[in-house]
Amino acid sequence: MGFRKKNKSPPVLSHEFVIQNHADMVSCLAMIILLGLMFEVTAKFAIMFITVQYNVTQVHDEKSEPVNLYQYGPKDVATVFFYLLIAVILHALIQEYILDKMNRRLHLSKTKHSKFNESGQLAAFYLFSFIWGCSILTAEDFATNPTFLWEGYPHTQMVFQVKFFYICQIAYWLHALPELYFQKVRKEDIPRQLYYICLYVVHITGAYVLNLHRLGLVLLVPHYLVELLFHASRLFYFSDENKQKGFTLWALLFVIARLLTLTLSVLTFGFGLPRTENQGFSLAEGNFNVLTIRMTCLAAICLTQAWMMWKFINFQLKKWREHSQNQASKKKTVSPKSKPHKRDPARGGATNGVVSSDDKTSPRARKLKAS
C-alpha cells in the first residue's frame with residue numbers, strides 16, 4: 001500500500017514492490033499530467049485529461065445569459081483515465097489513514113478483515129455519490145416529473161455536474177479492477193467483486209453513451225442509498241455482532257429499490273420512448289430510439305434486478321439458517337438442572353433399598369444398646 005513506511009524494501013519492480021508503492025507511482029503520473037499545464041506545448045494535451053471536454057454554448061434569448069452544456073466524445077477516455085488515477089490515490093488514503101487504524105483496534109480475522117476493507121471503501125464512495133446525486137436531482141428537477149426521463153430524447157446535451165458525475169462514476173468503477181491486485185483480494189472473493197464491478201461499468205457507461213443519463217441518474221441515487229445502508233450495517237456488525245438492526249431496514253429498502261427500478265425502466269422503455277417524436281437510429285444525432293436497443297436495455301436491467309433478488313434471497317436464507325442453528329445450539333447448552341432425590345422418611349436411612357450402617361436408628365444399633 002502506498003504512503004506506508006516499510007522496514008524492509010522488496011526488490012524494485014517486483015510484485016510486492018508495486019503493491020506497496022502503487023499509490024506513490026500513480027501520484028507521480030498524476031503530477032506529470034498536472035505539470036503539463038505549465039508549458040504551452042503540452043498544455044493542450046494536459047487539459048484534455050483534467051477538464052471536461054465538448055463544451056457547447058447555448059443562447060436562448062438575447063437578454064438571457066449563455067448556458068454552457070456538454071456532450072460526450074472520444075476525448076472523455078483521457079478524462080476518465082486521469083480521474084481513475086485520482087480514485088486510486090484516494091483509495092490508498094482512505095485505506096491507510098482510516099481503515100487500517102480501525103482494523104488494528106478491532107483485531108478482525110482475515111475473512112472479516114477483507115470484508116471490512118471492502119465495505120469501508122464502498123461506504124465512503126456510496127455516501128459521496130448519493131449526496132452528489134441528490135444535489136443534481138434537486139437542481140435539475142429530474143425526479144419531480146417522470147415524463148422528463150424521455151421527453152425531448154435524445155438528450156445529447158447535459159450540464160457540467162451531470163457529465164462530471166458520470167465521468168467520476170466510470171473512473172471509480174474502472175479503478176476497482178486494478179485494486180483487486182493492489183489490495184491482494186482473496187481468490188474466492190475475486191469472482192463476486194468482478195461481477196458487480198462489471199455490472200456497474202456496463203450499466204453506467206451504457207446510460208452515458210446511449211444518452212439515457214437522466215434515467216441512469218434517477219436509478220443510481222436510490223440504489224446507492226440502499227448499498228450505503230448495507231455496507232454501513234456491515235461495518236457496525238464487524239465492530240459489534242449484536243448490532244444487526246440495520247440489515248432489517250436494508251432488506252426493506254432493497255426490495256423497494258428493485259421495484260422502483262423495474263417500474264421506471266418499464267415506464268421509460270415500454271411506454272415513454274416509443275411515443276416520442278424522434279424515432280430511429282442515428283450515431284451522428286445520438287439517437288438510439290429503436291425497438292432493438294430499447295428491448296435490449298430493458299432486458300439487461302430486468303435480468304440484473306432478477307440476479308440481485310436471487311442473491312438477496314440466498315443471503316436472507318443463509319442468515320435465517322445461521323440464526324436457527326445458533327438458537328438450537330443455545331438450547332442444547334442450557335439444559336435443565338437435575339433435581340436431587342428426596343429422602344423417603346418411611347425408609348429411614350435406606351438408600352436404594354439398602355440400609356445404611358451409619359444411621360444411628362438402624363436395628364443393629366438398637367440391639368447393641370439393648371444388650
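Good morning. First, a caution: this is a predicted model. Keep that in mind throughout.

Let's start with the backbone. Most residues other than glycine have a negative phi, and most peptide bonds are trans. So here are some exceptions in this model.

Look at Y153 and P154. The peptide bond joining Y153 to P154 is cis. Its omega is about 10°. Where is P154? It lies in the loop between helix 4 and helix 5. Helix 4 covers 110-140, and helix 5 covers 160-182.

Next, H107. Its phi is positive, near 55°, and H107 is not a glycine. H107 lies in the loop that runs between helix 3, residues 76-106, and helix 4. Is H107 buried or exposed? Its relative accessibility is 67%, so H107 counts as exposed.

Now N211. Here phi is near 60°, again positive in a residue other than glycine. Find N211 in the loop between helix 6 and helix 7. Helix 6 is 190-209, and helix 7 is 213-239. Is N211 buried or exposed? N211 has a relative accessible area of 1%. The cut-off for buried is under 20%, so N211 is buried.

Move along to H213, which lies in helix 7. H213 is buried, at 2% relative accessibility. What does H213 touch, beyond its neighbours within four places in sequence? The list is H155, Q157, M158, V162, Y166 and A207. Take V162 from that list. In sequence, V162 and H213 are 51 residues apart. In space, their C-alpha atoms are 7.9 Å apart.

On to the rings. A pair of aromatic rings is described by the distance of the centres and the angle of the planes. How many aromatic pairs does a search of the whole structure find? It finds 35. I'll show two.

Pair one is F128 and W132. Their ring centres are 5.6 Å apart, and their planes meet at 55°, so this pair is tilted. Both residues lie in helix 4. They are four residues apart, about one turn of the helix. Now check the accessibility of each partner. F128 counts as exposed, at 53%. W132 counts as buried, at 12%.

Pair two is W173 and Y196. This one is edge-to-face. The centres are 6.3 Å apart, with 85° between the planes. W173 lies in helix 5 and Y196 in helix 6, so the pair ties together parts that are 23 residues apart in sequence. W173 is buried, with a relative accessible area of 1%. Y196 is buried too, with a value of 16%.

Now zoom out to a cluster. Y70, Y72, F82, Y83, F128, W132, F160, F164, F165, Y166 and Y208 form one aromatic cluster. F128 and W132, our tilted pair, are among its members.

Last topic: charges over rings. R214 lies over the face of F148, 4.0 Å from the ring centre. What sits over the ring of F254? That is the charged end of R258, at 4.7 Å from the centre of the ring.

Quick recap. Remember the cis bond between Y153 and P154. Remember the positive phi at H107 and at N211. Thanks.

Note on methods
Residues numbered from 1 in each chain as written. Predicted model: local features only at pLDDT ≥ 70, side-chain atom pairs only at ≥ 80, totals over all residues. Heavy atoms only, no water. Helix = DSSP H or I, 4+ residues; strand = E, 2+ residues; numbered from the N terminus. Buried < 20%, exposed > 50% of the residue type's maximum accessible area, 1.4 Å probe, protein only. Contact = heavy atoms within 4.5 Å. Phe/Tyr/Trp six-rings, centres within 6.5 Å; stacked < 30°, edge-to-face > 60°. Lys NZ or Arg CZ within 6 Å of the ring centre and 35° of its normal.
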